[in-house]
Amino acid sequence: MEQGILHLPKYGTPQGGSISPLLSNVYLHHVLDQWFEYQVKPRMRGGAFMVRFADDAVLGFTSKEDAEKVLAVLPKRFGRLGLSLHPEKTCLVPFGRPCKGDRKGATTFDFLGFTHYWGKSRRGNWVIKRKTARKRLNRSLKQVAKWCRLNRHQPVELQHKKLSQKLQGHYAYFGITGNVGWLQIFYHGTLKLWRKWLHRRGGKNPMPWVKFEQLKGRYPLPPARVVHSIYVAKP
């Protein structure tokens, strides 16, 4: 959106009893998707859009007044159908395009594991960028640490295979243009955790860094790489 201020109310898991993710998705198509498309958007003064994945959604508006109006109506809409908004994830976030003279972008917001923020493109224009959300990064590294701790006595070949799969899975989701720095943080964090728990196996085979460098040369983990690039060669 080129003009106006983009406000993004964020919605978390509806607190409406136990229901399978599939049924929840079907139910929210009626509760939120169709309602927003056919009843909300025609009444807005400015532009509006919605992006939803399962029970997480972001609603964007070029008008602050429109965003506040919808945010006030949403709890009533959900409550009428036996649902409620997540109290900690539902908020109004100012996310307007920065002015030319600004050095820094506006408020950031997290959605689907990414932090969305304004940054400069290669040509110096303000564009919306994404990077791995810090909470998601920390959670992923904790999972790696737990796996390494529980499997530190397994053969190195097996550990190498499993950790390689974890890294490739991480890159497959977070490997987008502009996020390589955070992919490298995850890569180096995984290396440190692997070395740490190999060193703690005990016995007569500790794993100091010098020895680990040799092992890493024999069993290299896949380096950080961008899987989803916006710079696709044109035919």
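Okay, let's start with Ala54, which sits in the loop between strand S2 (48-53) and strand S3 (56-61). Strands here are DSSP runs of E with at least two residues, helices are runs of H or I with at least four, and both are numbered from the N terminus.

Quick word on what we're looking at. This is a predicted model, where local features need a pLDDT of at least 70 and side-chain atom pairs count only at 80 or more, while totals for chains, interfaces and linings use all residues. Residues are numbered from 1 along each chain as its sequence is written, and side-chain values use heavy atoms, leaving out hydrogens and water.

You'll find Leu112 in the loop between strand S4 (109-111) and strand S5 (114-120). Its phi is positive too, about 55°, and Leu112 is not a glycine. With 28% relative accessibility, Leu112 counts as partly exposed.

Now let's zoom out. The protein chain has 6 helices and 6 strands, and from the N terminus they run β-α-β-β-α-β-β-β-α-α-α-α. The chain has 235 residues, and 37% of them count as buried. Contact, by the way, means heavy atoms within 4.5 Å. If you take the contacts with a separation of 6 or more, 61% of them join residues 24 or more positions apart.

On to the helix pairs. Take helix H3 (residues 134-150) and helix H5 (residues 180-199): their axes come within 9 Å and cross at roughly 25°. That makes H3 roughly parallel to H5. The axes are lines fitted to C-alpha atoms, for helices over the stretch in contact, and angles between N-to-C directions run from 0 to 180 degrees. Under 35 degrees is roughly parallel, over 145 roughly antiparallel, 65 to 115 roughly perpendicular, and the rest oblique.

H3 passes H5 in a right-handed crossing. Right-handed means the near helix is turned clockwise from the far one by less than a right angle, and left-handed means anticlockwise. Who makes the contact? On the H3 side, the residues include Leu137, Ser140, Val144 and Cys148, and on the H5 side they include Ile185, Phe186, Gly189 and Trp197. By class, the H3 contact with H5 has 11 nonpolar, 3 polar and 2 charged residues. Nonpolar covers Ala, Val, Leu, Ile, Met, Phe, Trp, Tyr, Cys and Pro; charged covers Asp, Glu, Lys and Arg; the others, Gly among them, are polar.

Let's stop at Ser140, which lies in helix H3. Is Ser140 buried or exposed? Ser140 is buried, with a relative accessible area of 12%. Leaving aside its neighbours within four places in sequence, Ser140 is in contact with His170 and Phe186.

The next pair is H4 with H5. Here the axes come within 11 Å and cross at roughly 160°, which means H4 is roughly antiparallel to H5. This crossing is right-handed. Among the meeting residues are Leu163, His170 and Phe174 in H4, and Phe186, Tyr187 and Trp194 in H5. The contact of H4 with H5 has 10 nonpolar, 4 polar and no charged residues.

Gln154 is partly exposed at 33% relative accessible area. Setting aside neighbours within four places in sequence, Gln154 is in contact with Gln159 and Arg201. Gln154 and Arg201 are 47 residues apart in sequence, and 10.0 Å apart from C-alpha to C-alpha.

Then there's His228, in the segment after helix H6 (209-218). His228 counts as partly exposed, at 40% relative accessibility. His228 and Ile176 are 52 residues apart in sequence and 4.7 Å apart, C-alpha to C-alpha.

Last thing: cysteines. A disulfide is a covalent bond between the sulfur atoms of two cysteines. How many disulfides does the structure hold? The number is 0, counting a pair of cysteine sulfur atoms within 2.5 Å as one. Cys91 is partly exposed at 29% relative accessible area, and Cys148 is buried at 1%.

Notes. Buried means under 20% relative accessible area, exposed over 50%, partly exposed in between (1.4 Å probe, protein chains only).
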